[in-house]
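Please go through the model below by question and answer. Keep each answer brief and end it on the value or name asked for.

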There are 2 protein chains.
Amino acid sequence: MTPYLELEARFRRLSAIGQAAGMLHWDASVMMPPGGAKARGEQIAVLASVRHEILCQPETGELLDGAEEDAKYKGGLDPWPAANLREMRRIWAHATALPTDLVEARSKASMACEMKWREARPKSDFASVSKLLAEVLRLEREAAAAKAEALDCAPYDALLDQYSPGISAGMVDRVFARLADHLPEFINQVLERQAREPAPVLPEGPFAEATQREVGVRFMKVLGFDFGQGRLDTSLHPFSGGTPDDLRITTRYDQADFATGLMGILHETGHALYEKGLPARWRLQPVGEARGMDIHESQSLIIEMQACRSRPFIDHAAPILAEAFGGAGPAWGADNLYRIYTAVAPGLIRVDADEATYPLHIILRTELERALLSGDLPINDLPAAWNDGMEKLLGLKPNNDADGCMQDIHWFDGAFGYFPSYTMGAIAAAQFYRAAVVSNPDIPAAIGRGDFKPLYAWLGENVHALGAFLQTPELTERATGAPLDPEIFLDHLTARYLS
Amino acid sequence: MTPYLELEARFRRLSAIGQAAGMLHWDASVMMPPGGAKARGEQIAVLASVRHEILCQPETGELLDGAEEDAKYKGGLDPWPAANLREMRRIWAHATALPTDLVEARSKASMACEMKWREARPKSDFASVSKLLAEVLRLEREAAAAKAEALDCAPYDALLDQYSPGISAGMVDRVFARLADHLPEFINQVLERQAREPAPVLPEGPFAEATQREVGVRFMKVLGFDFGQGRLDTSLHPFSGGTPDDLRITTRYDQADFATGLMGILHETGHALYEKGLPARWRLQPVGEARGMDIHESQSLIIEMQACRSRPFIDHAAPILAEAFGGAGPAWGADNLYRIYTAVAPGLIRVDADEATYPLHIILRTELERALLSGDLPINDLPAAWNDGMEKLLGLKPNNDADGCMQDIHWFDGAFGYFPSYTMGAIAAAQFYRAAVVSNPDIPAAIGRGDFKPLYAWLGENVHALGAFLQTPELTERATGAPLDPEIFLDHLTARYLS
């Protein structure tokens, strides 16, 4: 066996262990009784440590060296094995960059901090968690420095690379500067325009959960979800998990507003169908996996935001919703529903934000996490800095930290460098959608007929089937002819909200 | 760290990996869409191989040697660590007895054979699977020989030891000879007596699955099952899985006969509550695990057979069942229900058998698997030998192999040496139940009040809390004052069916 083939066998095992851990996560969120929490935590931790150990065995590094030597000697591998090898090296570099004691300290600190946060958030008690967060941050800084050295880049670039390979802090800066410059005034214009239009009327509930689920399943099938290869369940926070042939998505239902559950389903189905479309030939290999969190988010947002909040889709969905929920009257008309699902309203909570205000939430978090990491912002000044930033960007001031700097789990769980992927994903979604429509102008009309095949044909070929073959910037460029570009996203917003 | 403490850490990881694999099995049987089968097979296989590799690392053997040396030097460990070390050595001996290529060949052969069996059984086509079964058997013989050498015992003893540590072929022979001698004539007497009594009347369905489940949940709570630490679901074959604080039991429902689902639930709850009662101090250590398949079966049978088919329990359950299913009339009276749940009827299918005829099914299988292993019985003669045995033991001749030698998955899946544990478990159940009642004569009356606490107090102290501290024969002796003894089981049968 060549070193490269040995690496394939080794990474195949690592992926299978990763899949096993993912399924245990799904079970913990969807099925597990409370009694299982402790044992489950240990099961997942052991799988993670086994995975880390196999990755960090000296043989893995030797095989990587050997395979790279071989490739040079032969004048290069074929493109897909070459990309697979590149991804293996990247995964290996991240894993081996950190000494074992730092890996453990980081995992313990974020677990302790996250548990405290769960208690402290409902009480809006930042003081009780700030010391633990400071410890998480200290270790995160250490990890960023170690990864920066291993990857030969700046510390924040190294953190970004964990979630969005190929996206640099410089790219994020340029994109976010443009959005921060444009969006506040744009949002004012949208709010003025909305004020001149009839106020949307919320369809009146309650909406039985079982009916909401049936409607969700119906739209999942419209999107192309195959229930022989996946499930829909309920969890506190919607998410998408499972494997390409066993997709597990979840949502949560609000009896008063069916859109919460339904939009969750559409969003997560977008994630799931990306996984389904990954190259089958490269299952369980790094190059066969999703490209990163930004491209993953682009695939949920292209469905939820670009396609399913478009007027053609609302025209298609309105009578289906009215019939399923037994609704009648103007509240159930496409005009009114379109107004609801494209309403812009600055708010304090990121996960409730519309697509126009969402990037400002992300920009705030990105600025603050960089200041926290650099040490420019002391932990104890975070609540005030958050509130000032919200006022500056969205004109709103939180009354408490629960609705302020404590609202998201990410930092308390040790995920720094993750937030930008939400907005980079939104930008990629706009860009992919435009390129798809340019390539096949029938796509919006097909969506209006409840036919997503033309859109998925383009996405399958230009995004899904490529897995992690290209880096994010190259993937975007190949699919759309241009690097990630905020202008197309802004054009989309203008077209939807001001035209 | 001492070698013993290093072993504890190592076996803790192995147990956590085993738990993870168990949960993936549960999910595959209960939740997984068909598309997930292939990836799931690989996930479970990788976890098994990782577990096997850690176990077979040279360090594991060195640590065992070191810990045993230490123990000798110190004049022995405390009893529980000593028993833990003994169990570690046993697990290690089983794992390292087989060369890697035999482990792999065995796993491949049984997977291929089991898959073929699934196809061939509905068609009753033994010829199409006999070659694959011959290969499974050939490898099983090789494995038995290798394990016999490693464990210093006879080959069939080595196979038994995989499932029922401490139970030898000689013990099985003595017990089974007594049963084979006594039961056929006993069954005739019971049949004669039953013929003189009024024929039982089956309550008339259909019984809605949701109601059956509610009734099942109600009785699970009566038994002491805590739904904060477990779940009840549906699967093709009832089973009990999960971990002590996250018990996952399943049943299947028959709309025409609620007893199928309910008895499945009671049986599996017995298994689950054994796991729950295992010593919490020794979680994830070999000594903290269940003693073996025979003791496990004793804990399901003591609930299903000894307690829940007893007259006091039926008196308690009859009005509850009548109310839940809206039944009325003589079919719902305790007299009639007791006749149904203690009916003896020789049949062709083991899993449908009553407690009096069940051992004869097991005796047949045990005789045949030993003859197959020794080579005395050629594979192609198995169907005829099965049919002759059934006629001799139960007076029935199968019309086809689906109802004959192809009915059970065990052999086709490579499980030789497993069958005896069903009947050894039934014997242990009778013996534990009698000892419990001798120790606390209020137990039957309490069960008649729907109060299982007294029975579980005794089982908890004398069986569950001991985990794998003792070998099966010592455990039985300590709990009941006698080794496994078929006479108590036969006394129980006489008392229930002939008095």
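Q: Where in chain B does Phe227(B) lie?
A: In this predicted model, helix H9 of chain B covers 209-223 and strand E1 covers 230-234. Phe227(B) falls in the loop between H9 and E1 of chain B.

Q: Is Phe227(B) buried, exposed or partly exposed?
A: Phe227(B) has 14 other C-beta atoms within 10 Å. A buried residue needs 20 or more and an exposed one has 12 or fewer. The count of 14 lies in between, so Phe227(B) is partly exposed.

Q: How far apart in space are Phe227(B) and Arg291(B)?
A: Along the sequence, Phe227(B) and Arg291(B) are 64 residues apart. From C-alpha to C-alpha, the separation in space is 25 Å.

Q: Which element gives the largest share of the side of chain B that touches chain A?
A: The contact involves 29 residues of chain B and 29 residues of chain A. On the chain B side, helix H1 (3-30), helix H2 (37-56) and E1 each give two or more residues. The largest share, eight residues, comes from H1(B).

Q: Which element gives the most residues to the side of domain 1 of chain A that touches domain 2 of chain A?
A: Chain A is assigned domain 1 (1-97) and domain 2 (157-379 + 409-499). Their contact takes 19 residues from domain 1 and 17 residues from domain 2. On the domain 1 side, helix H1 (3-30) and helix H4 (79-97) each supply at least two residues. The most, 11 residues, come from H1(A).

Note on methods:
Residues numbered from 1 in each chain as written. Chains lettered and ligands numbered in written order. Predicted model: local features only at pLDDT ≥ 70, side-chain atom pairs only at ≥ 80, totals over all residues. Helix = DSSP H or I, 4+ residues; strand = E, 2+ residues; numbered from the N terminus. Contact = placed C-beta atoms within 7 Å. Domains from an automatic or database assignment.
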